[in-house]
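Hi,

Here is the structure I promised to pass on. Have a look, and my notes follow below.

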Amino acid sequence: MLRMPGPATKSHSMKRLLLAAALFFTATLLSAQSDYQGAFGLRAGSGFGLSGKYFLNRDLALEGHFTSRRRGYELTALALKHRDIGWQRDFNWFYGGGAHVGFSEYTDTESGLDRTQTTVGIDGMIGAEYTFQPIPLNLALDFKPEINFTGASGVCLLCGALSIRYVFQ
């Protein structure tokens with residue numbers, strides 16, 4: 001049985017491992033081809049963390065999230081198709097999907113000990129974004145339902161977030 005989370009008791013080794021994964025993820029995202037357009041920043045909503053995106057071509061982008069939630073952390077990777085909203089070139093809508101893996105702690109009610117679990121699932125995403133041209137700023141609002149197959153099993157139909165990102169060429 002799972003008990004509601006109490007004070008944070010995350011192990012230091014899990015924090016270090018996940019921080020290293022986040023830094024590797026960020027470095028990989030930022031060191032992609034030099035001729036792409038991308039963005040990197042903060043994400044807040046059903047989880048709080050980092051958001052990064054880079055375009056493979058004008059319409060197809062890869063997006064990644066590193067978020068803190070459920071007494072742990074989650075990494076998400078998505079492929080998103082982008083479409084212009086006709087009247088404004090810098091205003092787009094997008095849709096796509098991907099997968100996530102998360103690591104979290106819970107308290108085992110039988111033993112009273114903290115345990116670590118791994119959550120794996122799939123994600124869908126639909127949303128809209130606006131990129132400001134005078135300043136390198138991108139705002140995105142998305143709806144991201146997810147289904148977990150292992151660990152913290154369940155469905156989150158109302159997941160989503162606001163991302164605020166710095167745009168780079």
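**The largest pocket**

The largest pocket holds about 480 Å³ of space. For the terms: on a 1 Å grid over the protein atoms alone, a pocket is an open set of points where a 1.4 Å probe fits, with protein on both sides within 12 Å along at least five of seven lines, and lining residues have an atom within 4 Å of a point. Volume is the space filled by probe spheres set on the points, which are joined across faces, edges and corners. There are 24 lining residues, and Gln 37, Phe 55, Asp 90, Asn 92 and Thr 131 sit closest to the centre. By class, the lining has 7 nonpolar (Ala, Val, Leu, Ile, Met, Phe, Trp, Tyr, Cys, Pro), 8 charged (Asp, Glu, Lys, Arg) and 9 polar residues (the others, Gly among them).

**Ground rules**

This is a predicted model: local features need pLDDT of at least 70 and side-chain atom pairs pLDDT 80 or more, while totals for chains, interfaces and linings use all residues. Residues are numbered from 1 along each chain as its sequence is written, and side-chain values use heavy atoms, leaving out hydrogens and water.

**Confidence**

The chain's pLDDT (the predictor's confidence in each residue, from 0 to 100) averages 81, and 79% of the residues score at least 70. Residues 1-9 stay under 50, and residues 23-36 are below 50 too.

**The disulfide**

There is 1 disulfide (cysteine sulfur atoms within 2.5 Å) in the whole structure. Cys 156 and Cys 159 form it, with their sulfurs 1.9 Å apart. Its S-S torsion is about 115 degrees, so it is right-handed.

Cheers

Note on methods:
Contact = heavy atoms within 4.5 Å.
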